[in-house]
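Visitor: Please show me the model, and then take me through its side-chain contacts.

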Amino acid sequence: MSSAVVHQAASLCLSYPDDTVLGSARLVERALRESAPRAAASFAPLLEWWAGTPASQVQAAYVDTFDMSRRHALYLSYWTDGDTRRRGAVLADLKRRYRETGLQLDGTGELPDYLPLVLEFARHAPREGTAVLQEYRPSLELIRIALAERGSPYAGVVAAVCDTLPGRSPADRQQAMAMAAAGPPRETVGLDAHDPRLLPLHPVGGR
């Protein structure tokens, strides 16, 4: 139950902070305090920042963080597959896995490896969705580390997601890259996380 709450809360908080998202802050905080107190502490910096910052500034910061910087790309397969031939097959497989659980992607405008969408999948189908998150654990950890290095309040949200998965998080970027290098595809093994081949296909949310 607590993992499902964390995944749903993170899906919301990592989405573009429109009026609906920002208006859900108190509901998110209450749900986390009741079901996942440890995660609530990780979300607190973001929720407190939202509460004390004009919406326009929050939205501008989101765009600057996630749309304008490849270091924080929320498209999970880019951290492991880059622009390799394998990525198309990876995205198609994710779509298939979504369909098999009844999750509809029509109208989202996002690629299936977009982290908020994967988190929604984990809430919708916990076993299958958590398996996807675990498969892309290196991507999650690299995003977490990059956000922490930036001093972003979003870092705690990604850290809370990592905490729902088995095993300990890597302590630094070097360990996270070693984790990424341990899996497929071989075409991208050893790529630095800032390599231009890891750029998103298009800006998040098309804004």
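Visitor: How many salt bridges does the count come to?

Guide: This is a predicted model, in which local features need pLDDT of at least 70 and side-chain atom pairs count only at pLDDT 80 or more, while totals for chains, interfaces and linings use all residues. Residues are numbered from 1 along each chain as its sequence is written, and side-chain values use heavy atoms, with hydrogens and water left out. A salt bridge is a side-chain nitrogen of Lys or Arg within 4 Å of a carboxyl oxygen of Asp or Glu. By this rule the count comes to 12.

Visitor: How many residues apart are Arg38 and Asp163?

Guide: Arg38 and Asp163 form a salt bridge, with 3.8 Å between the closest N and O atoms. Helices are DSSP runs of H or I with at least four residues, strands are runs of E with at least two, and both are numbered from the N terminus. Arg38 lies in helix H4 (residues 37-52) and Asp163 in helix H11, so the pair links distant parts of the chain; the separation is 125 residues.

Visitor: Is Arg144 buried or exposed?

Guide: Arg144 forms a salt bridge with Glu141, at 2.6 Å between the closest N and O atoms. Both residues lie in helix H10, about one turn apart. Buried means under 20% relative accessible area, exposed over 50%, and partly exposed in between (1.4 Å probe, protein chains only). Glu141 is at 0%, and Arg144, at 15%, is buried.

Visitor: Which residues are linked with Asp93 and Arg96 in a network of salt bridges?

Guide: Arg96 and Asp93 meet in a salt bridge at 2.5 Å, N to O. They are 3 residues apart in helix H7 (residues 86-100), about one helical turn. Besides this pair, the network holds Arg97, Glu100 and Glu135.

Visitor: Why is the pair of Tyr62 and Phe66 classed as it is?

Guide: The search of the whole structure finds 7 aromatic pairs. Rings of Phe, Tyr and Trp (its six-membered ring) pair if their centres lie within 6.5 Å; planes under 30 degrees apart count as stacked, over 60 as edge-to-face and the rest as tilted. For Tyr62 and Phe66 the centres are 4.8 Å apart and the planes are at 55 degrees, so the pair is tilted.

Visitor: What is the geometry of the rings of Tyr62 and Tyr154?

Guide: Tyr62 lies in helix H5, and Tyr154 in the loop between helix H10 and helix H11, so the pair ties together parts 92 residues apart in sequence. Both residues are buried. With centres 5.9 Å apart and planes at 70 degrees, the pair is edge-to-face.
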